[in-house]
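Here are my notes on the model you sent. Please read them with the structure open.

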Amino acid sequence: MNKIILMVALLGSSNLFAQTQSDSLLIKQIPAIQKTIEKQKQEIDGLTSKVNSQQTTINQQRNSINGLNGKAVTLENTVDSLSSLIETNRSNINTIADDLGTKIQETGQQAETRISELGGDVEKNRLYWIIATLVTLLLGALMYLFLGKRIKSSQTDIETQIRNTKKSLEEESLKLDNKLIDVLETQLKVQQEESKSQPITTNDKADHSLALKVADEIVRMQKNISRMDADIKGLKPLEKGIERIQANFAANGYEMVNLLNNEYDERMNIDVINFVEDDTLESGKKIISKIIKPQVNFNGILIQRAQVEVSQN
């Protein structure tokens, strides 16, 4: 019995010793356990924060999805409305097309009927128009022939009258010029008689006014003669008179230098009144084409410079 009690006591004391050692070990491990627990708590807090953030994101996405679902429903309703409207329009278009087809067919039939009715009238009117046109053309041709002969006859008469009038004027002009030639010859003879009775030794003292006037008149007469026909009455007597005056000029020391149709040189001692363009001349060529005042020399000395018109290209 005592042995049993002793064994029980030994077992109790060993258990107590073991429990004491175990408690001391647990006390030593408490700070480490607390640190582990604190660390795990921090990790749990972090995970909780992340879960909350993800929950917020999920909520936002859920709200966005709900909004999109609402828009999708609205768009679906709109599409349904448009589909209904399109269907209605298609039905209306088909109805209108059928009506138009019927009206077009009716209009075509009416037009064909009217065209058929007008065809006969057009044929009749065309025949009438052809007849009227032919009659008009015939009358026009007859009037053209009649008036053409009258106009041609009148034109011939007018041209004849113009030629006759021009010829008469030229003949009168020649008569006057012939009389002027006689007067000039008389004046020159009187001046010659005076010069013989009062001889002049120098050009400065001589009076050349009459000679210069005669020279100007000769140039004018020669210009008029160049425009007249050779068969004009009175032309030859005038040419003979001009030759006599020129011979008288030469006998008294006067000379009329003929510059007409000569090539112009800028060094010439003449006055150019006008330059005229003439495409018929060679390029760069200048010709004295008109004498306004002649060049007159007395005893080889210039007493009047020529005034001319020059044609150039």
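1. Strand pairing. Strand 2 and strand 6 (residues 307–312) run parallel, and 6 bridges join them. Bear in mind that this is a predicted model.

2. As background, strands of a sheet pair through backbone hydrogen bonds, either parallel or antiparallel.

3. Overall layout. The protein has 3 helices and 6 strands. Along the sequence the pattern reads α-α-α-β-β-β-β-β-β. Of its 313 residues, 16% count as buried.

4. The core. Which residues touch the most other members of the largest nonpolar core? They are Val214, Leu238, Ile242, Ile245 and Phe249, in a core of 22 residues. Helix 1, helix 2 (209–227), helix 3 (235–251) and strand 4 (295–298) each supply at least two residues of this core. Helix 2 gives the largest share, with 8 residues.

5. A nonpolar surface patch. Seen from outside, Leu127, Tyr128, Ile131, Val135, Leu138, Leu139 and Leu142 form a nonpolar patch. Together they have about 710 Å² of accessible area. One of them, Leu139, sits in helix 1 (residues 2–197).

6. Backbone at Asn261. Most residues other than glycine have a negative phi. Asn261 is not a glycine, yet its phi is positive, at about 70 degrees. Asn261 lies in the loop between strand 1 (254–257) and strand 2. Is Asn261 buried or exposed? Its relative accessible area is 55%, so Asn261 is exposed; the cut-off for that label is over 50%.

7. Backbone at Asn299. Here too a residue other than glycine has a positive phi, near 55 degrees. Where is Asn299 placed? Asn299 is in the loop between strand 4 and strand 5 (301–304). Asn299 counts as exposed because its relative accessibility is 53%.

8. Places to look again. For the backbone, check the positive phi of Asn261 and that of Asn299. For the surface, check the nonpolar patch that includes Leu127 and Leu142. For the sheet, check the parallel run of strand 2 and strand 6.

How values were computed:
Residues numbered from 1 in each chain as written. Predicted model: local features only at pLDDT ≥ 70, side-chain atom pairs only at ≥ 80, totals over all residues. Heavy atoms only, no water. Patch = residues over 30% accessible without salt bridge, like charges linked within 9 Å, V, L, I, M, F, W, Y side chains within 5 Å. Areas by Shrake-Rupley, 256 points an atom, 1.4 Å probe, with all protein chains shown as cover. Salt bridge = Lys/Arg side-chain N within 4 Å of Asp/Glu carboxyl O. Helix = DSSP H or I, 4+ residues; strand = E, 2+ residues; numbered from the N terminus. Pairing = 2+ DSSP bridges. Core = buried A, V, L, I, M, F, W, Y, C linked by side-chain atoms within 4.5 Å. Buried < 20%, exposed > 50% of the residue type's maximum accessible area, 1.4 Å probe, protein only.
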